[in-house]
Amino acid sequence: MSKSIIELKNIKVYFSEKEHTIKAVNNVSLQVEKADIYGIVGYSGAGKSTLVRVINLLQRPTAGKVVVNGAVLYDKEESAAKEISPAALRNQRRKIGMIFQHFNLLNEQTALKNVEFALKHSSLSEKERLKKAIHLLELVGLLEQKDQFPSQLSGGQQQRVAIARALANDPKILISDEATSALDPKNTNQILDLLQSLNQKLGLTIVLITHEMEAVKRIANKVAVMENGQIIENGQLVDIFTRAKQPLTRELIGTQNDSTEALKVLQSYQTAENEEIYHLVYSGNSIQEPLTTRLYQKFNVETSIIYGNVDLLKKKPVGTLHVIFHGEKKSRQKVGKYLLEHGVLVEKVEREVI
């Protein structure tokens, strides 16, 4: 049985413009599991928002299959299309909350009334709607501001109201479309931490669309990178950040320039017979251990560090090193095994020597 709460299969979204066809999303497949915080990143025009709007059929795909919460919302091959009924779609959309860069609050209504407004089509009584709206504002840390109007609230506070409103119908999925783009760094981090808290407290599945890799690094557990309507790389957060294959991914996560400089040093280095270059990735307990120092003590292998970096992924340190190991071949092999046993990923670096 599939664990996926969202399944997008071979999604295409094409637009006709005069004599040209714009392939906004070009044959993309994506699976999001329950309670994931799934980051979808890329520059403007990559197709992120268009792809995510397919999830609740705000954007009908040209072709492909959309399955959400186990229900097939849309299934279209190149010819015929099968689509969920309008009534059933409305019901499914209630299970999907959305927040955006622009808060879209009712300026003439208080924070409390803005949240209550989202409940007007529910079966709750007026008293129950009020009670739930108060609970939601408390959940997002804004109960004290319940009687204030949007103009009296900061950008971060307005986004909290928008989040409370998006949670009004108890969704299983929350889509955040560039929701922190208009906020300063402090408010951005507070909103991201709130989303992570909601993910943990409510088991909420979050799809995070952003061009800011710092947002993904802070809370996501999985990430997909989009370019020209396609997903060029995706996987677990740590894997993408420590073993990115695509130049765009490395550029977005900020390692492209650093790696280039490191490789320049490596390219000009003439390795001796008993030397090899490795890329190491370490995290958790291994980041606190003096492993490279122990290599000499245990195996008589010296370590020269060419490039090193420590990043925070979901607030946990993850380090990368480019190193040269100096020592006998058998000793170097023992070093690789030893590092793997201590939770360090080891990858030999092949390069052309100038």
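**Helix packing, aromatic pairs and local backbone features**

Helix 11 and helix 12 pack with their axes 11 Å apart and at an angle of about 135°, the axes being lines fitted to C-alpha atoms, for helices over the stretch in contact, with angles running from 0 to 180 degrees between N-to-C directions. That angle makes helix 11 oblique to helix 12; angles under 35 degrees count as roughly parallel, over 145 as roughly antiparallel, 65 to 115 as roughly perpendicular and the rest as oblique. The model is a predicted one, in which local features need pLDDT of at least 70 and side-chain atom pairs count only at pLDDT 80 or more, while totals for chains, interfaces and linings use all residues. Residues are numbered from 1 along each chain as its sequence is written, and side-chain values use heavy atoms, with hydrogens and water left out. Helices (H or I, at least four residues) and strands (E, at least two) are DSSP runs, numbered from the N terminus.

Contact, meaning heavy atoms within 4.5 Å, is made by Leu 291, Arg 294, Leu 295, Lys 298 and Phe 299 of helix 11 and by Ser 331, Lys 334, Val 335, Tyr 338 and Leu 339 of helix 12. These residues divide into 6 nonpolar, 1 polar and 3 charged, where Ala, Val, Leu, Ile, Met, Phe, Trp, Tyr, Cys and Pro count as nonpolar, Asp, Glu, Lys and Arg as charged, and the others, Gly among them, as polar.

The axes of helix 5 (residues 155-166) and helix 6 (residues 185-202) come within 10 Å and cross at roughly 20°. Helix 5 and helix 6 are therefore roughly parallel to each other, and their crossing is right-handed. Helix 5 contributes Gly 156, Gln 159, Arg 160 and Ile 163 to the contact, and helix 6 contributes Asn 187, Gln 190, Ile 191, Leu 194, Leu 195 and Leu 198. By class, this contact has 5 nonpolar, 4 polar and 1 charged residues.

The structure holds 2 aromatic pairs (rings of Phe, Tyr and Trp, the last by its six-membered ring, pair if their centres lie within 6.5 Å; planes under 30 degrees apart count as stacked, over 60 as edge-to-face and the rest as tilted). Tyr 278 and Phe 325 form a tilted pair, 5.4 Å centre to centre with 35° between the planes. Tyr 278 belongs to strand 12 (residues 275-283) and Phe 325 to strand 14 (residues 316-326), 47 residues apart. Tyr 278 counts as buried at 13% relative accessibility, and Phe 325 is buried with a relative accessible area of 1% (buried means under 20% relative accessible area, exposed over 50%, partly exposed in between; 1.4 Å probe, protein chains only). The rings of Phe 299 and Tyr 338 have their centres 5.4 Å apart and their planes at 65°, so this pair is edge-to-face. Phe 299 lies in helix 11 (residues 291-299) and Tyr 338 in helix 12 (residues 329-341), so the pair ties together parts 39 residues apart in sequence. Both Phe 299 and Tyr 338 are buried.

Most residues other than glycine have a negative phi. Asn 10, in strand 1 (residues 4-17), has a positive phi of about 50° although it is not a glycine. Phi of Leu 57 is near 60°, also a positive value. Asn 10 is partly exposed, with a relative accessible area of 42%, whereas Leu 57 is buried, at 1%.

Terms used:
Left-handed = near helix turned anticlockwise from the far one by under 90°.
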